[in-house]
Amino acid sequence: MDINFQSLAIGLCIGLIIALIVYIWQAVARREDSRKSKSEISKLKNMLTDRMDLEADGVAKLKAQYEELKAQNENLRITNANLMQKPGRTEVQRLHIYQKAVDRLVINSPGFGAAWQSALQESEEEFAKIYNGTQAFWKKVLPGKTNAKLIESKEEDEE
């Protein structure tokens, strides 16, 4: 019995020693893996924070540029609206001249080219008189009413 007990104890000790060696070996391997994964996690965290910082800077720059472009767009829109509302005095004058010339042309238009030239010349002379002060002052401020609408309605009635 002693031999069985002794051989059992020796076998048990050898098995425990082998198990202890395997356990220590696995613990060392786990510790190495843990260290590697911790270093990789910290590396990935650093990369992520760097990328987030860069993207935040880029987004901030884009937002600033967007706000600047938005302000410029609004300024240009306002400037454009003001320019559309306030044409120059010569453009308004030329518009009134053309309107009077067209009205005269509609009234007496046997030949378009000659009638247009004469009507345009008459209108220019009339506006020159108005702005030189030979005609009434109120004609400078308020352009005369045209009868173009009346002429169109008469033509529509005849048809």
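This is a predicted model: local features need pLDDT of at least 70, side-chain atom pairs count only at pLDDT 80 or more; totals for chains, interfaces and linings use all residues.
**Exercise 1. Find which residues make the nonpolar surface patch of about 360 Å².**

Solution. Start with I10, I14, I18 and V22, which make up this patch. A patch joins nonpolar side chains (Val, Leu, Ile, Met, Phe, Trp, Tyr) within 5 Å, from residues with over 30% relative accessible area and no salt bridge.

Residues are numbered from 1 along each chain as its sequence is written, and side-chain values use heavy atoms, without hydrogens and water.

**Exercise 2. Work out where the salt bridge between K100 and E126 sits, and whether its partners are buried or exposed.**

Solution. Step one: the side chains of K100 and E126 meet at 3.3 Å, N to O. A salt bridge needs a side-chain nitrogen of Lys or Arg within 4 Å of a carboxyl oxygen of Asp or Glu. Step two: K100 is in helix α2 and E126 in helix α3, 26 residues apart, so the pair links distant parts of the chain. Step three: K100 is buried at 18% relative accessible area, and E126 is buried at 15%. Buried means under 20%, exposed over 50%, and partly exposed in between (1.4 Å probe, protein chains only).

**Exercise 3. Describe the salt bridge between E55 and R51.**

Solution. First, the distance is 3.0 Å, N to O. Then, because they are 4 residues apart in helix α1, about one helical turn separates them. Finally, E55 is partly exposed at 43%, while R51 is exposed at 56%.

Conventions:
Patches are made of residues with over 30% relative accessible area and no salt bridge: like charges are joined within 9 Å, nonpolar side chains (Val, Leu, Ile, Met, Phe, Trp, Tyr) within 5 Å. Accessible areas come from the Shrake-Rupley method with a 1.4 Å probe; for residues, only the protein chains shown count as cover. Helices (H or I, at least four residues) and strands (E, at least two) are DSSP runs, numbered from the N terminus.
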